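Visitor: I'm new to reading protein models. Please take me through one, feature by feature.

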Amino acid sequence: MQISKDGIQNRGPLNLSLDALKAIRAYFEKHNRSPNDIELETLAQTWSEHCKHNIFSSSIDEIASGLYKHYIKRATTDINSPICVSTFSDNAGAIVFDDDFLVVDKVETHNSPSALDPFGGAETGILGVNRDIIGFGMGAKPIMNAYYFCFAESLEQPLYRDKECKESVLAPTQIMDGVILGVNTGGNCSGIPTAIGSMYFHNRFCGKPLVFVGSTGIIPRHIGEKPAHIKTVKNGDYIVVIGGRVGRDGIHGATFSSHALKENVGCTVVQVGSPITQKKLSDAIVKEARDRGLYNAITDNGAGGLSSSVGEMGEKGFIVDLEKVPLKTDKIMPWEIWVSESQERMTLSVSPEQYPALEELMLKHDVEISVIGEFNNTGKAVVRHNGTVIMDIDTDFLHNGNPALTLRTEKWQPAYIHTTVTHNVSIEDDLLNMMGRKNICSREFLVSQYDHEVQGSSAIKPLQGKGRICGDAVVLRPVLSSTRGVVKAQGFGCVYAEIDPYNMAACAIDTAIRNHISVGGNIEHMALIDNFCWCDATNPQRLRQLKQAAKACYDYATAFGTPFISGKDSMFNDFHGYDGSGTSIHISALPSLLVSTLGIIEDVSNAITQHVKGPSLIYVLGTTYNELGMSEYQLYSGLGNENVPSVNAENAMLLYKRFHQASMRKVIASAIAPGLGGLATSLIKSLIGGHMGAEIDLSAVITSDVPQNDMWAKTVLFSESQSRIIATVSVENQHEFESLFADLPYALIGRVIPEYVLKISGITTISLAMLEKKYKEFSNSRYNGVRVDQL
């Protein structure tokens, strides 16, 4: 058997390290034989970065237990929140919804597949994370999808995957259109509302986009007398697969996603989705089989296919007969059946006496079902094909034999911006140009493609007000007999990391939390989901950035009392290819962190939208600092300083708790949490939403360390200081509002007026109709009827 960097007989990379290969050789020498191809393929999938998270789990500098255990998991342990029911032990994390239900959440990435096949990569990404919800505990019902996309604005030069310059990198617009449509098809056809998400643009994502896809679910706290989040594989249970058939799609998906994107990648690494097949499977499980107790455990077939799902469930031992697996492809090899990531499949542990009823139910729902083997307590992972044993590995070696890495970090040089000033213009021009920037402008064309009303549970919707502005948080009411709601928000950080990765992560957490709080959520009933997308992760300098960002996750999660319940990391978001002359080129995506919140609002009638509602007073809660470093304004203009925003968690916590009290008292008419572009862009967005104007006085804004120079007004308008909220309050609620915030930094900066203009005292008056036109310019240009056959 010939093994090279391109795998066994060049059929796809294994991405096993030299130490891993040596460990495998030693294991099989001890057993006096050579490994079969299926055994090498199984170990490669199981030990891959995608499945094993080697970077996050390995010793790094002085941290012997690794970044995940030391910072992420330890934060949850130290917080010890009573809302946490299941964390880091299943396909998703779960918190308490009420006395009867849990809510669960998971966010995944599908970056590499989406770079090659944007539609297929994104569609199977959203379908896969839905199966994570279905595979949680004894089976949760998906109730909401989420997304976050990172694309390049343009290609600064032609890029190719091969030295001969025959295979070009897909254009950013082609990737964007395909990814958007993929999530659209996967979500809309599955009957799951796609309610929250956004996009971020930077040309460092030209070689590999970031495609985050998430799903939220709900499950009863008990099924019969048993906790619904507990599942147990029993000795002698049948190994049952339901759903789609197996083909060659998705082979080597796990190993392919565990390294930088290079040349000679086959199309079969990308899976092919079928949302209708998965919808039938989901209904059969969640609506009937689960509550009838027809299986003992369930999980999804994702990365690594059967090798992963059976391997994880059968940690005590199993035997599989591959000829019993339903196929959709002729002449497929046994190892391909075993590691294929063909979609819409779940693996169940079913007692023999349960199986006849389960089979009958699946046939009723037109879901294919097969018994392919048996779980046991032998401690052996055995696979047969037509009676011949082709795999026989100790399960302990399969799961624990991967040699541990020892990582070291090095000091890195911050990438400060030293560019020439590109835009030093009037504030009027600044406001117009900023509202038109792709990281600030409307995403209505994107949001409106996704069905957020299916299931009839939306309380706060993704498009708000007459001006149809895009919200930063949503509220769902999943149990219609209850007034309680589920709150979901996001915070994304990347470009700050090139100066200060610690504060980048702190800002991502604070952004997610304040978006959540601004819609009426309660910080005392909130959990976090972390998704790191790093680059060049074996580079000691990039590892130092990662280590600093992970430390911030611990520091701020514990400071806010918001535990992590689930997460995922993707460590090699790099492109290794060629420019137009055939010269090799390496482009790393920006080190990125998406933080998602999951929480509860006690009464959905207390939820708050972003758009202004009528004549009212405008307040800014929190302090504005001289923080333009790597801000959207600095990236546009070249102006400003090198101060990346930081977060004072103690002050923020006081503000967020007080804001929740105000929302419970219904004294706030609208609220928006300033993000990219600072106070200016968020206030304008809120005014566009309500189709009303405002008179404001910038000198009333509470500031700190903002010099009184020619940059003062622009700094106050565009600084991206954290932990701030813009709120509007009716005159009759003024006294109660100001009494609530009396001991916290707040400022009455102006009022909402009927005239559709923004008047900034002593500085400018500008038409909001012009600002709205710029805000919606990009979105309106994208309403051009993209079809699947155009991708």
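**Reading the model step by step**

Guide: Start with Asp132, which counts as buried because its relative accessibility is 5%. Buried means under 20% relative accessible area, exposed means over 50%, and partly exposed is in between (1.4 Å probe, protein chains only). A word on the ground rules: this is a predicted model, where local features need pLDDT of at least 70, side-chain atom pairs count only at pLDDT 80 or more, and totals for chains, interfaces and linings use all residues. Residues are numbered from 1 along each chain as its sequence is written, and side-chain values use heavy atoms, leaving out hydrogens and water.

Visitor: Where is Asp132 found, and what does Asp132 touch?

Guide: Look in helix α7, residues 118-134. Helices (H or I, at least four residues) and strands (E, at least two) are DSSP runs, numbered from the N terminus. Contact means heavy atoms within 4.5 Å. Leaving aside residues up to four places away in sequence, Asp132 touches Asn91, Ala92, Lys106, Glu108 and Asp300.

Visitor: Which residues does the UniProt annotation "binding site" cover?

Guide: In the unreviewed UniProt entry, that label covers Asp132 and Asp300. UniProt positions use the numbering here, feature names are shortened, and annotations may be inferred rather than shown by experiment. The two span 169 residues in sequence, yet no two of their C-alpha atoms are more than 6.2 Å apart, so they gather at one spot.

Visitor: Is Asp300 buried or exposed?

Guide: With 11% relative accessibility, Asp300 counts as buried. You'll find Asp300 in strand β13, residues 297-300. Beyond residues up to four places away in sequence, Asp300 has contacts that include Asn91, Arg131, Asp132 and Arg345.

Visitor: How many aromatic pairs are there, and what counts as a pair?

Guide: A pair of aromatic rings is described by the distance of the centres and the angle of the planes. Rings of Phe, Tyr and Trp (its six-membered ring) pair if their centres lie within 6.5 Å; planes under 30 degrees apart are stacked, over 60 edge-to-face, and the rest tilted. By this rule the count is 25 aromatic pairs. Take Tyr200 and Phe492: their ring centres are 5.5 Å apart and their planes at 50°, so this pair is tilted. Tyr200 lies in strand β8 (residues 194-201) and Phe492 in strand β24 (residues 485-493), so the pair ties together parts that are 292 residues apart in sequence. Both residues are buried.

Visitor: Where does the charged end of Lys438 sit?

Guide: A charge sits over a ring if NZ of Lys or CZ of Arg is within 6 Å of the ring centre and within 35 degrees of the ring normal. The charged end of Lys438 sits over the ring of Phe201, 5.2 Å from its centre. Phe201 also belongs to a cluster linked by ring pairs, with Tyr147 and Phe778 among the other members.

Visitor: What is the mean pLDDT of the protein chain?

Guide: pLDDT is the predictor's confidence in each residue, from 0 to 100. Here the chain's mean is 93, and 96% of its residues reach 70 or more. Over residues 254-259, though, the pLDDT is below 50, and this stretch has 31 contacts in the model beyond near neighbours in sequence.
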